[in-house]
Amino acid sequence: HFINLTNGLEAVEKILNNHDDTTVHNIHFCRIQSSHCEANDFQGILWNLDHNLLMHLALGNRCYVYDFGSRSTTWPGNKRHEKKIPRAIWWGLEWSRYCLSRIWLCDDIEPPLLRGYSTRRLFDHQLANIPKPLAKKIKYYRKFSPSRVDLRGVYYNPGTSHDGQIDYYRDLAFQYFGSSSSNLPCDHDVLPPDFFVYRSSDWIGKGRSSSPVDEISGDNKDH
């Protein structure tokens, strides 16, 4: 389960109540911005794809991305009923799924559709023009050889009534995922054997220089 920030945070309670074996540790985050979709920022959407999400998809895992829409859209075949499907779901995920499938050379590639219309030609043109650093970022995961990209967008009707309420979403995030310093476990209770937390301050005065901090900062130069 991936929560698309920010409105997707509203789905957390429903996910936890619907799955007895699901805890907050099984819930991840991503940020596919509707503003990128509205601006036709194809590259911006791909740059924002989280490495955690990419790794899960590359391993063949089915990933559900939850979001809450704020505006109604009339869909083909639903002239009487409007659905609040976020643009990040029907636009951003569709482009992401197709792009990843092509770059990863997947065997099973679904034809891209936006609101019922084929966008293969448009997507292929955009894919051919992504910069090398971005292509390299995505291509890294091709070594895991997924046969298909199982990326599924999940929306909620009637959508959200809290769009833009920053305090509301911040409180939700802390309610389910926040922790105070008073209940944090000790490092030795969390780490497996022979693993240690690195602290740069532990090595002061133990390096090649008697004053390593001054040397790095340039305060130990000869004048």
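Buried means under 20% relative accessible area. Keep that cut-off in mind as you move through this predicted model.

**Stop 1: N4**

Select N4, in strand 1 (residues 2-4). Is N4 buried or exposed? Its relative accessibility is 1%, so N4 counts as buried. Now show what surrounds N4. Leaving aside neighbours within four places in sequence, N4 is in contact with L9, C30, R31, I32, V65, Y66, D67 and A88.

**Stop 2: the L5-T6 bond**

The peptide bond that joins L5 and T6 is cis. Its omega is about 20°. T6 sits in the loop between strand 1 and helix 1 (12-18).

**Stop 3: the whole chain**

Zoom out and colour by secondary structure. How many helices and strands does the protein chain have? There are 10 helices and eight strands. The protein chain has 223 residues, and buried residues make up 34% of them. Next, look at how contacts span the sequence. Take the contacts between residues at least 6 apart in sequence: 72% of these join residues at least 24 apart.

**Stop 4: the largest nonpolar core**

In soluble globular proteins, nonpolar side chains tend to be buried together. Here the largest nonpolar core holds 37 residues. Which of its residues touch the most other members? They are W95 and W104. Now select the elements that give two or more residues to this core: helix 3 (42-47), helix 4 (51-58), strand 3 (63-66), helix 5, helix 6 and helix 7 (132-139). The largest share comes from helix 5, with 10 residues.

**Stop 5: W95**

Return to helix 5 and select W95. W95 has a relative accessible area of 0%, so it is buried. Show the side chains around W95. Beyond neighbours within four places in sequence, W95 is in contact with F42, I45, L46, F123, Q126 and L127.

**Stop 6: F123**

From W95, move to its contact F123. F123 is found in helix 6. What is the relative accessible area of F123? The value is 0%, so F123 is buried. Not counting residues up to four places away in sequence, F123 touches F42, E94, W95, Y98, P112 and L114.

**Stop 7: helix 5 against helix 6**

Two packed helices are described by the angle between their axes and the distance between the axes. Select helix 5 (residues 87-103) and helix 6 (residues 120-127). Their axes come within 11 Å and cross at roughly 60°. Helix 5 and helix 6 are therefore oblique to each other. The crossing of helix 5 past helix 6 is right-handed.

Helix 5 brings E94, W95, Y98, C99, R102 and I103. Helix 6 brings R120, F123, D124, Q126 and L127. How many residues of the contact of helix 5 with helix 6 are nonpolar, polar and charged? Six are nonpolar, one is polar and four are charged.

**Stop 8: two positive phi values**

Select L105, in the loop between helix 5 and strand 6 (113-114). L105 has a positive phi, near 55°, in a residue other than glycine. Is L105 buried or exposed? With a relative accessible area of 58%, L105 is exposed.

Finish at D194. The loop between helix 9 (187-190) and helix 10 (212-217) holds this residue. D194 is not a glycine, but its phi is positive, about 70°. D194 has a relative accessible area of 70%, so it is exposed.

Conventions: Residues are numbered from 1 along each chain as its sequence is written. This is a predicted model: local features need pLDDT of at least 70, side-chain atom pairs count only at pLDDT 80 or more; totals for chains, interfaces and linings use all residues. Side-chain values use heavy atoms; hydrogens and water are left out. Axes are lines fitted to C-alpha atoms, for helices over the stretch in contact, and angles run from 0 to 180 degrees between N-to-C directions. Helices (H or I, at least four residues) and strands (E, at least two) are DSSP runs, numbered from the N terminus. Angles under 35 degrees count as roughly parallel, over 145 as roughly antiparallel, 65 to 115 as roughly perpendicular and the rest as oblique. A crossing is left-handed if the near helix is turned anticlockwise from the far one by less than a right angle, and right-handed if clockwise. Contact means heavy atoms within 4.5 Å. Ala, Val, Leu, Ile, Met, Phe, Trp, Tyr, Cys and Pro count as nonpolar, Asp, Glu, Lys and Arg as charged, and the others, Gly among them, as polar. A nonpolar core is a set of buried Ala, Val, Leu, Ile, Met, Phe, Trp, Tyr and Cys residues joined through side-chain atoms within 4.5 Å. Buried means under 20% relative accessible area, exposed over 50%, partly exposed in between (1.4 Å probe, protein chains only).
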